[in-house]
Each structure stands twice: as C-alpha cells, then as structure tokens.
Amino acid sequence: MFCKACGKEVMDTAVICTGCGSSTTGSIPGAGMSEESISKLIMWGWLGACLLPIVGLVIGIVLCVKGKINHGIGQVVVSLFSWAFWAAFVTACFAGMAASA
Ligand SMILES: [Zn+2]
C-alpha cells in the first residue's frame, strides 16, 4: 500500500510509514472528524481569531469547508479585524519605542 500522507510505498503490515512516520491505519486527516472534534475546532477557532489571527483565519476556512459556514465566516471576519488591530498595536509599540529612544 501507499502512505496516505507522503505517498511512499510501505509494507502492507506496516503501522507507521517509514518515509514520514505517519500512521498508515488512520484516515486522511480531517476527513472523518467527529462532531466533538468539530466543536473543539470551533472553540479554538474563536480563541485563535482573537489572539492569533492567522490561526483563526485558517480554522475559519476549514470550518467553512466542513459546512460550519456561520462559525467559519465569523471567525475569518473576526480574524481579519483582529489582525488589523494587532498590526496597528505592534506598529504603535515600535513607533513608541523609536520615539523614546
Ligand atoms: Zn509517509
């Protein structure tokens, strides 16, 4: 069989790919996510949207793909606002440091 992660041919009895170390028995990541892991993803997405915009943005897009359009779009929008906020905040900090130096 072939590794689902990297495509390298591995022995049929192999549990772990010798090429990349991925599990050969697991399904393709994210393909069969349970409702529980989706809810966790939604939670992390909102957290990320506020604190780490890039994370919120990525999770938001993933949620859109998974059919959680409301949460997904919400997180993408919040992430973009949050991103603008952090960018302005960091710029202001650097400007402040430059001014006081
Ligand atoms: Zn592999």
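Me: Is Met1 buried or exposed?
Reply: This is a predicted model: local features need pLDDT of at least 70, side-chain atom pairs count only at pLDDT 80 or more, and totals for chains, interfaces and linings use all residues. Residues are numbered from 1 along each chain as its sequence is written. A residue is buried if 20 or more other C-beta atoms lie within 10 Å of its own, exposed if 12 or fewer, and partly exposed in between, with C-beta atoms placed from the backbone. Met1 has 11 other C-beta atoms within 10 Å, so Met1 is exposed.

Me: Which residues does Met1 touch, not counting residues up to four places away in sequence?
Reply: Met1 lies in the segment before H1. Two residues are in contact if their C-beta atoms, placed from the backbone, lie within 7 Å. With residues up to four places away in sequence left out, Met1 touches Val10, Asp12 and Thr24.

Me: What distance separates the C-alpha atoms of Met1 and Trp46?
Reply: Along the chain, Met1 and Trp46 are 45 residues apart. The separation of their C-alpha atoms is 39 Å.

Me: How far apart are the centres of domain 1 and domain 2?
Reply: The bounds come from an automatic or database domain assignment, which gives domain 1 as 1-27 and domain 2 as 35-100. Taken over C-alpha atoms, the centres of domain 1 and domain 2 are separated by 33 Å.

Me: In what order do the elements of the chain run from the N terminus on?
Reply: Helices (H or I, at least four residues) and strands (E, at least two) are DSSP runs, numbered from the N terminus. The chain has three helices and zero strands. From the N terminus on, the order is α-α-α.

Me: What radius of gyration does the chain have?
Reply: The C-alpha trace spans about 65 × 35 × 15 Å along its principal axes. The radius of gyration is taken over C-alpha atoms, and the globule rule is 2.2 Å times the number of residues to the power 0.38. A compact globule of 101 residues would be near 13 Å, but the chain has 20 Å.

Me: Which helix has the highest confidence in the chain?
Reply: Confidence is given as pLDDT, the predictor's confidence in each residue, from 0 to 100. The chain averages 87, and 92% of the residues score at least 70. H1 is lowest at a mean of 92, whereas the highest, at 95, is H2.

Me: Which residues on the other side of H1 are exposed?
Reply: In H1, the buried residues are Leu41, Ile42, Gly45, Gly48 and Ala49. They cover an arc of only 135 degrees around the axis, which puts them on the same side of H1; the arc is that of the directions from the helix axis to the C-beta atoms. What covers these buried residues includes H2 and H3. On the other side of H1, the exposed residues are Glu36, Ser39, Lys40, Met43 and Leu51.

Me: What includes the cover over the buried residues of H2?
Reply: In H2, the buried residues are Pro53, Gly56, Leu57, Ile59, Gly60 and Leu63. Val65 is also found in H2, but Val65 is exposed, with 11 other C-beta atoms within 10 Å. The cover over the buried residues of H2 includes H1 and H3.

Me: How far apart are the end C-alpha atoms of helix H3?
Reply: The expected span of a helix is 1.5 Å times one less than its number of residues. Helix H3 (residues 69-100) has 32 residues and should therefore span 46 Å. Its end C-alpha atoms agree with this, at 46 Å.

Me: Against which helices do the buried residues of H3 pack?
Reply: The buried residues of H3 are His71, Gly72, Gln75, Val76, Ser79 and Ser82. They pack against helix H1 (35-51) and helix H2 (53-65).

Me: How far apart in space are Ala84 and Trp46, C-alpha to C-alpha?
Reply: Ala84 has its place in helix H3 and is exposed, with 11 other C-beta atoms within 10 Å. Ala84 and Trp46 are 38 residues apart in sequence. In space, C-alpha to C-alpha, they are apart by 16 Å.
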